[in-house]
Number of protein chains: 2
Amino acid sequence: MFGGGADRLSDQITIALDAMGGDDAPQIVVAGANIARRRNPDVKFLLYGNEEDVAPLVARQRGLDELVELRHAPEKVEADDKPSQIVRSGHETSMWKAIEAVKKGEADGIVSAGNTGALLAMAMLILRRLEGIDRPAIASFFPTLRGETVMLDLGANIRCDARNLVEFAIMGEVFARTILGITNPTIGLLNVGEEETKGNDALKDAANLLRELDLPGEFVGFVEGDDIPAGAVDVVVTDGFTGNVALKTAEGTAKLINAFVRETFRNSFWAKIGYVFAKRSFDKLRSRSDPRRYNGAVFLGLNGVCVKSHGGTDAVGFATAIGVAIDMIKYDGNALLKSNIERLDPDMLRPRAAAAS
Amino acid sequence: MFGGGADRLSDQITIALDAMGGDDAPQIVVAGANIARRRNPDVKFLLYGNEEDVAPLVARQRGLDELVELRHAPEKVEADDKPSQIVRSGHETSMWKAIEAVKKGEADGIVSAGNTGALLAMAMLILRRLEGIDRPAIASFFPTLRGETVMLDLGANIRCDARNLVEFAIMGEVFARTILGITNPTIGLLNVGEEETKGNDALKDAANLLRELDLPGEFVGFVEGDDIPAGAVDVVVTDGFTGNVALKTAEGTAKLINAFVRETFRNSFWAKIGYVFAKRSFDKLRSRSDPRRYNGAVFLGLNGVCVKSHGGTDAVGFATAIGVAIDMIKYDGNALLKSNIERLDPDMLRPRAAAAS
């Protein structure tokens, strides 16, 4: 395992991993790390977890050992731990210690498949907000008719004012640019109609600000729920309540239709024959819309890169989440975010920030 | 055409139709009425529209003529008319006059495929709220993994307090009972988590009230976005902003996955062969999830039955919307609603109502 200190060369990226988070942890974390290091030759890992459980798993993954420094953490965050309690009592957990590695500068980012609320609360507390950001947000990406779309916030902030939504637009633009590689992302505000008179005051004010301000990306105005899967914009901006409901509704509906399709192939002799012929094409479809390819929600607006993997994912999905962290680090998403926030006329937003905090 | 006065026998149901509302009106309205009267032998229609345009269409539908009384309305509501303006200037429109027929007791309900905002504003103004209801809501139903689910509000009320959400639960229960024929509907409050600590104060207060109050149906607590398509509950209660976004996201995602499936069948020679075998089963699937089978949103909480059809539907879909109005009338949904609202301890909710209005 690579020596302590974690001095990193200029292109070397070090990711701290919470080995104990996720339904099938630590197996998927260790196996996921081994997939990720094959895809990204410059990556090293700080692996936080119960040494006794994790060390044999690392030993079993050929070639991983020399890229991993295993650091013992005696405790772990459970799925049902309350964020407010675990931030006080959980300083010996693998999650806490992994985040701390980023704070100390030993790692460039942290990935965990554990308890979302705990991860967000701990990351907020340890890493703190980026200067100029009022409210960090959770952003994720998914397949649409036209490619891939980012949506935020997905649940960090239940209520949002106009200033928060403008920040989300800036952060989402950076996500689309660094992680999806889109050069001039289009941005839409989620609403119940496209007319300027629709929605609440926060939405109307945010739309006005986004029209007036000279921000990166192209603000196209309001979009509606069906515009999300249609891929009408690259970045969908919304409050954490609506974003969470919309994302879960979309995931659930995709499952529903896929279940209908599977059932349809089974429901007659001829349909079963048809499936034999169409199977290869459907396998390709499945791989194209495989949720493991879209795994990795980023907590944007923090001093450090923090990525949340789906708790139920496997090693392949966990490797994708590591890849998201690597892209965010490699293309220096946080520096871009900071400079975009700084481009704002402070007088235009600061008073609102003061009022909101 | 049946004589004026519209005296109705006890089982006779009279529906007022806005002949001019909808992308393909008046054709789809007239043809839809003819499909509906075959399904419902006891129905008659008051048809409001431009006599010159509509009369020849009625004449062309064999057997419809004697069930229709055509009433001239010189104007129509356009898709882009602003609700606030059209309620003042639109008293000669087919929509206004059709709603008025319900107010006058000449019709039992009204169906329109026209401008949603205008229909809601006019219906509120002309029919007024049912006694005990603070905020009428829009409810609709759709297919899920387990059958059919009702959701409300879908856009009538952007912001809702706890009292509004409790009313929606009562109204949604009546919808599930009368239109879907579910005997003891389960009810869930849409939230970003199932834990009692999640969500805003309105949601927490509403959940407490629904647990305490002895209301019809079975309140199961909070549900999340993916529970909607999963059919986890029969009635999903939410504010009009979230409901609108969730419904449109689900519709859009269903379209997206269906597009993926169509493309998959086209993407190789063997897949095309497979489609030939599976076609009949896929036709059945298409018919099962045909949006025309789920057409008809009800404006609940008014003195009268008002149903909004999708603007882009065809005659078959419009007939479904008429069927929704007929069920609501036949099973006396509004009487049930009124008696359920009256069952509430007035002291429990009135102070909130006063504070909210």
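Predicted model: local features only at pLDDT ≥ 70, side-chain atom pairs only at ≥ 80, totals over all residues.
Over which residues of chain A does pLDDT stay under 50, with nine contacts beyond four places in sequence? I looked, and the stretch is residues 350-357 of chain A. By pLDDT I mean the predictor's confidence in each residue, from 0 to 100. Two residues are in contact if their C-beta atoms, placed from the backbone, lie within 7 Å.

Residues are numbered from 1 along each chain as its sequence is written, while chains are lettered from A and ligands numbered from 1 in the order in which they are written.

**Confidence.** I checked chain A as a whole: its mean pLDDT is 90, and 94% of its residues reach 70 or more. Residues 3-9 of chain A have pLDDT below 50, and that stretch has four contacts in the model beyond near neighbours in sequence. For the complex, the predictor gives an ipTM of 0.86 and a pTM of 0.88.

**How the copies sit.** I laid chain B on chain A and got an RMSD of 0.0 Å, with a turn of 180° and a shift of 0.0 Å along the axis. The superposition is by least squares on the C-alpha atoms of residues with pLDDT of at least 70 in both copies. The two copies are thus related as by a two-fold rotation axis. In chain B, Gly274(B) has the C-alpha nearest that axis, at 1.9 Å. Both copies use the same surface, as 100% of the contact residues of chain B recur in chain A.

**The contact between chains.** I found 50 residues from chain B and 50 residues from chain A in it. On the chain B side, the elements giving two or more residues are helix 8 (227-230), helix 9 (240-266) and helix 10 (269-288). Helices here are DSSP runs (H or I, at least four residues), numbered from the N terminus. Helix 9 of chain B brings the largest share, 21 residues.

**Two helices within chain A.** Next I looked at helix 9 (residues 240-266) and helix 10 (residues 269-288) of chain A, which pack at about 110° with their axes 6 Å apart. Axes are lines fitted to C-alpha atoms over the stretch in contact, and angles run from 0 to 180 degrees between N-to-C directions. That makes the two helices of chain A roughly perpendicular (65 to 115 degrees). Thr264(A), Phe265(A) and Arg266(A) of helix 9 meet Ala271(A), Lys272(A) and Tyr275(A) of helix 10.

Note on methods
Parallel < 35°, antiparallel > 145°, perpendicular 65-115°, else oblique.
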